[in-house]
Amino acid sequence: KRATFLMLPSSNLEKFLSLVVFTTVIGIACLLLALVLGDSLRMAWYWLSGYQGPRMECVEMDGVTYHWWSSAIPQLIKELAPEAITNPMELPMDWCIANGMLTFGLWLWLHSFYTLGGTLLRKYAFVATSICILLCLIILVKTMAFIGLGMFQISWEDGAVKEYEIGSMAYVLSVLLPIFAVFNYWASYRIFKGFQLITNKWMNYDIYKR
């Protein structure tokens, strides 16, 4: 398969970009499909078994009534999305801009890191890359807590913003994450250009030949 792919009449950049787009689209589609399938199974089981929840039959959030067998995907998307996107009218403009930049940089870095991991590793690429990302996040959180650095602090009173603070770490990461992402993409392409038909058992990059 690798020999057939490398012999396609296109440049290395075209092949690399086609693979990145293909895996990105397929990955997002599989993620969404898994969420819908898992949520549908939960809804069906709760509805068929008559599950009422630990205390009450339903809850009301933002004027919408949710039963225990209702879909959790809308609330999941709302919780995962940054407040700068879900609630921009009630937040300070500088807070929204900083939060949006950090969110974009984080997603870009995650995509680039998975691209690098998938290009570099031959076996268990997704698992190994996910573990590395988890370790990086743990180290970052622990370091921030040890040094006393923060990112976003906001407090509300009667539905209005009382006070807020944008920590220095938010500005630092907003700059560093895109830079790291560019490096990851560049390194992925460099590894891809050097693909050989026979490589190391675990990696696609032979460091001893470079």
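Modeller: A pocket here is an open set of points on a 1 Å grid over the protein atoms alone, where a 1.4 Å probe fits and protein lies on both sides within 12 Å along at least five of seven lines; lining residues have an atom within 4 Å of a point. Its volume is the space filled by probe spheres set on the points, which are joined across faces, edges and corners. The model is predicted, and local features need pLDDT of at least 70, side-chain atom pairs count only at pLDDT 80 or more, while totals for chains, interfaces and linings use all residues. Residues are numbered from 1 along each chain as its sequence is written, and side-chain values use heavy atoms, with hydrogens and water left out.

The second largest pocket has a volume of about 560 Å³. It is lined by 23 residues, and those closest to its centre are Leu 102, Leu 106, Leu 137, Met 151 and Leu 177. At least two lining residues come from each of helix 3, helix 5, helix 6 and helix 7 (168-193); helices are DSSP runs of H or I with at least four residues, strands are runs of E with at least two, and both are numbered from the N terminus. Helix 5 contributes the most to this lining, namely seven residues. Sorted by class, the lining of the second largest pocket holds 18 nonpolar, two polar and three charged residues. For this count Ala, Val, Leu, Ile, Met, Phe, Trp, Tyr, Cys and Pro are nonpolar, Asp, Glu, Lys and Arg are charged, and the others, Gly among them, are polar.

The largest pocket contains about 1200 Å³ of space. Its lining has 30 residues, and Gly 27, Ile 28, Leu 31, His 111 and Tyr 114 lie nearest its centre. Two or more lining residues come from each of helix 2 (12-49), helix 3 (73-80), helix 5 and helix 6 (125-147). Helix 2 gives the largest share of this lining, with eleven residues. In the lining of the largest pocket, 21 residues are nonpolar, nine are polar and none is charged.

In helix 5, which covers residues 93-120, sits Thr 115. Thr 115 counts as buried because its relative accessibility is 13%; buried means under 20% relative accessible area, exposed over 50%, and partly exposed in between, using a 1.4 Å probe and protein chains only. Leaving out residues up to four places away in sequence, Thr 115 touches Phe 16, Val 20, Tyr 185 and Ser 188, where a contact means heavy atoms within 4.5 Å. Leu 110 is also in helix 5, and its relative accessible area of 17% makes it buried. Between Leu 110 and Ala 181 there are 71 residues of separation in sequence, yet their C-alpha atoms are 7.9 Å apart.

Helix 3 holds Leu 76. With a relative accessible area of 34%, Leu 76 is partly exposed. The C-alpha atoms of Leu 76 and Leu 35 are 9.9 Å apart, although 41 residues separate the two along the chain.

Side chains of opposite charge can pair when their charged atoms come close. The whole structure has one salt bridge, meaning a side-chain nitrogen of Lys or Arg within 4 Å of a carboxyl oxygen of Asp or Glu. It joins the side chains of Arg 42 and Asp 39, at 2.9 Å from N to O. The two residues are three apart in helix 2, so about one helical turn separates Arg 42 from Asp 39. Asp 39 is buried at 8% relative accessible area, whereas Arg 42, at 23%, is partly exposed.

Between helix 5 and helix 6 is a loop that contains Tyr 124. Tyr 124 has a positive phi of about 55°, although it is not a glycine. Its relative accessible area is 60%, so Tyr 124 counts as exposed.

As for the rest of the fold, the protein chain has seven helices and four strands, in the order α-α-β-β-α-α-α-α-β-β-α. The chain has 210 residues, and 23% of them count as buried. Of its contacts between residues at least 6 apart in sequence, 59% join residues at least 24 apart.
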